[in-house]
Amino acid sequence: MTDRPFEIGLLGKEDRSDFCCGSEPLDRYLKTQASQDMRRRVSVCYVALEKTTGRIAGYYTLSAADVPVSNLPPEVAGRLPHYPSVPAARIGRLAIDQRFQGCGLGGALLLNAAMRALRSEIAVFALVVDAKDDEAATFYRRHGFTAFVSNPLQLIAPIATFRKLLS
């Protein structure tokens, strides 16, 4: 995980003005849209706060999704019942402030998202993510995700993968 003390929880009234992950759209989302999406119940935003400063070190969003079985990698689809789609939790955005990159916080946030999906009172077969570029897709593949048949930047990891890691 990380060697820094972080606390992960729902986005509240924390100062977001100096968050900078190196991607302007991800920075702008946290600063201007995340709270609106939460109020509208489109997604939930979780933040990692550095305990000593209260500074936002990273964040991710989580929402409900369904995934057409025909788009799944064969090794995933082969183990499923013959339904047209399966329920999933979507990590819509995941970003780490540049001051905290390289300390394992991205992986810790992925595990936190998986833990929340596992604790959900509704069925969730997998975590899905739309990587913004090849570098992001590589990050997700290192954490057990595989690409959809139809799009190499859309990735999936069965929730059972994380159940094993978290137990």
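**Cysteines and salt bridges**

The sulfur of Cys-45 lies 12 Å from the closest cysteine sulfur, that of Cys-21, which is too far for a bond. This is a predicted model. A search of the whole structure turns up zero disulfides. The salt bridge count comes to six.

**Cysteines**

- A disulfide needs two cysteine sulfurs within 2.5 Å. For Cys-45 the closest cysteine sulfur, in Cys-21, is 12 Å off, so a bond is ruled out by distance.
- Cys-45 has 0% relative accessibility and therefore counts as buried.
- Cys-103 takes part in no disulfide either; its nearest cysteine sulfur belongs to Cys-21 and is 14 Å away.
- Cys-103 also counts as buried, because its relative accessibility is 15%. The cut-off for buried is under 20%.

**Salt bridge between Asp-18 and Arg-99**

- The side chains of Asp-18 and Arg-99 form a salt bridge, with N to O at 3.4 Å.
- Asp-18 sits in the loop between strand E1 (6-10) and helix H1 (24-39). Arg-99 sits in the loop between strand E4 (85-96) and helix H3 (105-119). The pair therefore ties together parts that are 81 residues apart in sequence.
- Asp-18 is partly exposed, at 34% relative accessibility.
- Arg-99 is partly exposed, at 38% relative accessibility.
- A network of salt bridges links Asp-18, Arg-55, Asp-97 and Arg-99.

**Salt bridge between Arg-90 and Asp-130**

- Arg-90 and Asp-130 meet through their side chains in a salt bridge, at 3.0 Å from N to O.
- Arg-90 belongs to strand E4 and Asp-130 to strand E5 (residues 126-130), so this contact ties together parts 40 residues apart in sequence.
- Asp-130 has 39% relative accessibility, so it counts as partly exposed.

**Salt bridge between Lys-132 and Asp-133**

- Lys-132 and Asp-133 pair through their side chains in a salt bridge, with an N to O distance of 3.2 Å.
- Lys-132 counts as exposed because its relative accessibility is 54%. The cut-off for exposed is over 50%.
- Asp-133 is partly exposed, with a relative accessible area of 27%.

**In brief**

- Among the salt bridges are Asp-18 with Arg-99, Arg-90 with Asp-130, and Lys-132 with Asp-133.
- Cys-45 is buried, and Cys-103 is buried, whereas Lys-132 is exposed.

Methods:
Residues are numbered from 1 along each chain as its sequence is written. This is a predicted model: local features need pLDDT of at least 70, side-chain atom pairs count only at pLDDT 80 or more; totals for chains, interfaces and linings use all residues. Side-chain values use heavy atoms; hydrogens and water are left out. Buried means under 20% relative accessible area, exposed over 50%, partly exposed in between (1.4 Å probe, protein chains only). A salt bridge is a side-chain nitrogen of Lys or Arg within 4 Å of a carboxyl oxygen of Asp or Glu. Helices (H or I, at least four residues) and strands (E, at least two) are DSSP runs, numbered from the N terminus.
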